[in-house]
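Below is a short report on a predicted model.

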Amino acid sequence: MSSLFQEVPLRKVIADKTQKIAILVMMLKDIQREEEEILKQFNKMTKDARTIKELYEIMEMINYEMSVRNDDKMMILDEITHQEELLLTEQESLQKQMSTLSKDLETSEKFQQTRSLRQTGRFLQFNHSNHNMNVESKSLQSNIITSYDFEEQSKLNDKIQENIFNDPIKYNTQEGIDETQVYDWILDIDLINNVQQGWTVYISKQFEANQELVGLANNDTKAQIKWEGATVAVVGLYDKGKTFVLNNLTQSNLPSGKKVTTKGISFKHVDVDSGTQLILVDTAGSYSPVKIQSAMSIVEKEATEHFIIDLVFELSDYFICVVNDFTSLDQRYLDRLSRYIQNSSKTFREIIVVHNLKEIETAEILQHVWTTQVTQIYSTGGSIQRTKIAATNPRINELQEKHVLWFKTQYTRHVCLVSDDSQLGLDVNPWVFSLLKYWLKAVFVPVNRQFSVCENILQYATSKLTQYFKREVNVKLIDTDNQFVKKIVQMEADLQDGELKIPQTNIDQSGLILARPDSFAPATDIIANDKYIIYMDVPGINEEDIEMYRQNVVTIVKGNRKKPYQEEQSDHIKKQERKYGEFTLSFRIPENFERKWKHFGIENGVLKIVYEKDKDDIVPNKFVNQAQ
């Protein structure tokens with residue numbers, strides 16, 4: 001926006017010009033008075049003249065004086081004309097500045113309106129019937145923000161948001177809602193252990209019309225329509241703008257904003273730029289607020305979030321991680337995801353990190369954040385890249401090429417977005433999204449690979465639940481009375497094994513992941529030099545109470561510290577500070593040590609696990625259920 005302070009020097013210049021003209025007019029008046037005085041003197045001198053010669057001399061003198069003053073008047077008149085021309089020029093410049101300022105103010109007000117619409121979940125980013133964004137035309141000025149009238153858009157989206165998540169069943173019956181505004185498939189995993197009662201599945205009208213799920217629970221032989229394309233997951237912490245990124249990548253209007261929370265795992269099959277098919281996976285953000293209903297509420301919520309991430313990891317080919325300010329919590333989250341990918345067999349092993357700096361509106365602050373939160377953090381292990389990319393300039397609605405800066409590390413690619421409701425956003429964001437699309441279109445997809453949401457969810461959910469609860473858990477899809485609602489539930493045969501219980505503790509190199517409030521978490525020390533040694537306090541526990549096994553490069557230690565008194569004595573307890581119960585600890589062993597421990601034993605209440613150096617520096621890949 002033009003600065004208000006730019007008017008100050010311009011107004012001073014205009015005032016100076018006006019003052020100069022006034023001075024020149026005063027000079028003209030002075031000359032005029034002098035001329036009048038000369039004429040008076042001429043009349044007097046001619047009366048006193050005695051000869052023709054004297055009269056001639058008087059006339060020559062008067063003529064000279066009048067000629068000098070006439071020349072002065074002409075010079076002053078020329079200067080006045082010049083100053084008036086300068087004044088008109090400055091006035092025109094001021095009018096242009098005021099006009100520009102007025103337009104900038106109008107745009108700023110529209111940006112502010114858009115922010116409000118975004119936060120309330122009412123904003124429709126794309127109107128497929130009108131993409132003209134020519135800001136030079138006054139009649140199209142509002143199209144910078146949205147192609148809908150704000151009032152009409154608010155009314156429409158209030159109607160949408162009333163039912164999109166509160167009542168997805170009713171939402172499917174809404175009229176006038178295009179398919180870019182709704183997910184194809186939503187798996188609402190409210191809590192991981194609620195699978196025994198069933199996780200709710202919502203499907204769109206179009207998805208149901210394709211009959212991919214109809215009758216699947218009772219007729220496994222029914223043909224399914226499968227999706228083509230790579231599976232791209234957009235992940236990150238709570239309220240970072242994941243759905244906003246999805247909308248801009250796919251020209252969709254999926255629900256987003258402060259009043260909208262993505263449920264569980266949501267799927268959308270899209271065609272990007274009329275040629276590249278992608279299966280987009282949107283997720284509920286990690287570390288979202290938890291409704292406290294019991295002492296286990298936070299633990300159950302964290303367990304559910306980690307299960308969702310694990311499930312999405314198995315389902316997806318590529319990952320886009322959305323962050324705002326790049327905090328240590330974001331780094332820890334990204335580190336965990338990166339280590340998962342490096343230990344997997346996925347083809348594409350880089351994570352695209354989108355720094356969604358939605359509060360930044362100036363290039364100066366953008367440069368500062370880019371330096372302090374990206375390039376300086378990876379100063380010894382990354383490099384700045386520059387890619388020329390074409391995108392539609394929203395100011396003139398024409399294709400234009402620009403260079404986009406991004407940062408590359410061994411396992412990540414970093415790009416920055418700024419406030420989409422700002423002038424800087426118009427100059428930056430379209431080209432960044434164009435680069436993201438280019439990356440996604442260039443990735444490798446297995447030939448003839450087809451993706452069935454239902455098959456993959458059931459397969460990986462069964463695998464992950466079994467791994468998570470350390471017991472066999474099988475799930476199936478069942479119909480409900482509503483054609484748009486299904487359920488994923490635990491099979492009846494598994495229910496006899498009792499209630500699914502959240503694991504007590506799970507630790508890896510990224511730190512403490514989750515812990516039950518009633519858990520017994522042994523204190524540990526780790527020494528790493530020529531040997532890798534784990535010391536763990538386990539007083540009151542015998543070797544027979546310890547179970548150890550490996551999963552690839554992770555050693556898992558499980559144990560049980562039993563109470564020394566009977567449960568019936570619990571009612572008589574006056575004080576209880578000691579911790580009892582089961583525990584599970586996981587340790588990721590560094591690559592330069594053997595995966596199998598050389599020795600373990602308990603002495604004086606301390607469990608000691610020893611690993612030798614890996615002489616051949618070979619990392620085994622096979623899964624070992626239990627060390628021999």
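In the largest nonpolar core, which has 96 residues, Trp 185 and Phe 267 touch the most other members. Helix H10 (residues 423-442) supplies the largest share of this core, 9 residues. Domain 2 (178-317 + 447-503) and domain 3 (325-444) each contribute at least three residues to this core. A second core is separate and holds 18 residues, among them Phe 520, Phe 593, Ile 609 and Tyr 611.

Next, a helix. H8 covers residues 328-342, 15 residues in total. Buried residues of H8 include Tyr 333, Leu 334, Leu 337 and Ile 341. Asp 330, Arg 336, Ser 338 and Arg 339 of H8 are buried too.

Now the sheet. Four strands form an open sheet in the order E17-E18-E23-E22, with antiparallel pairing. Strand E17 (524-528) and strand E22 (599-603) are the edges, each pairing on one side only. On average, neighbouring strands here are turned by 15 degrees against each other, direction ignored. E18 (residues 532-537) and E23 (residues 606-611) pair in the antiparallel sense over 6 bridges.

Last, the cysteines. With a disulfide taken as two cysteine sulfur atoms within 2.5 Å, the count is 0 disulfides.

| Residue | Relative accessible area | State |
|---|---|---|
| Cys 416 | 9% | buried |
| Cys 454 | 2% | buried |

Both values count as buried because the cut-off is under 20% relative accessible area.

Terms used: Residues numbered from 1 in each chain as written. Predicted model: local features only at pLDDT ≥ 70, side-chain atom pairs only at ≥ 80, totals over all residues. Heavy atoms only, no water. Buried < 20%, exposed > 50% of the residue type's maximum accessible area, 1.4 Å probe, protein only. Helix = DSSP H or I, 4+ residues; strand = E, 2+ residues; numbered from the N terminus. Expected span 1.5 Å × (residues − 1). Core = buried A, V, L, I, M, F, W, Y, C linked by side-chain atoms within 4.5 Å. Domains from an automatic or database assignment. Pairing = 2+ DSSP bridges. Axes fitted to C-alpha atoms, helices over the stretch in contact; angles between N-to-C directions.
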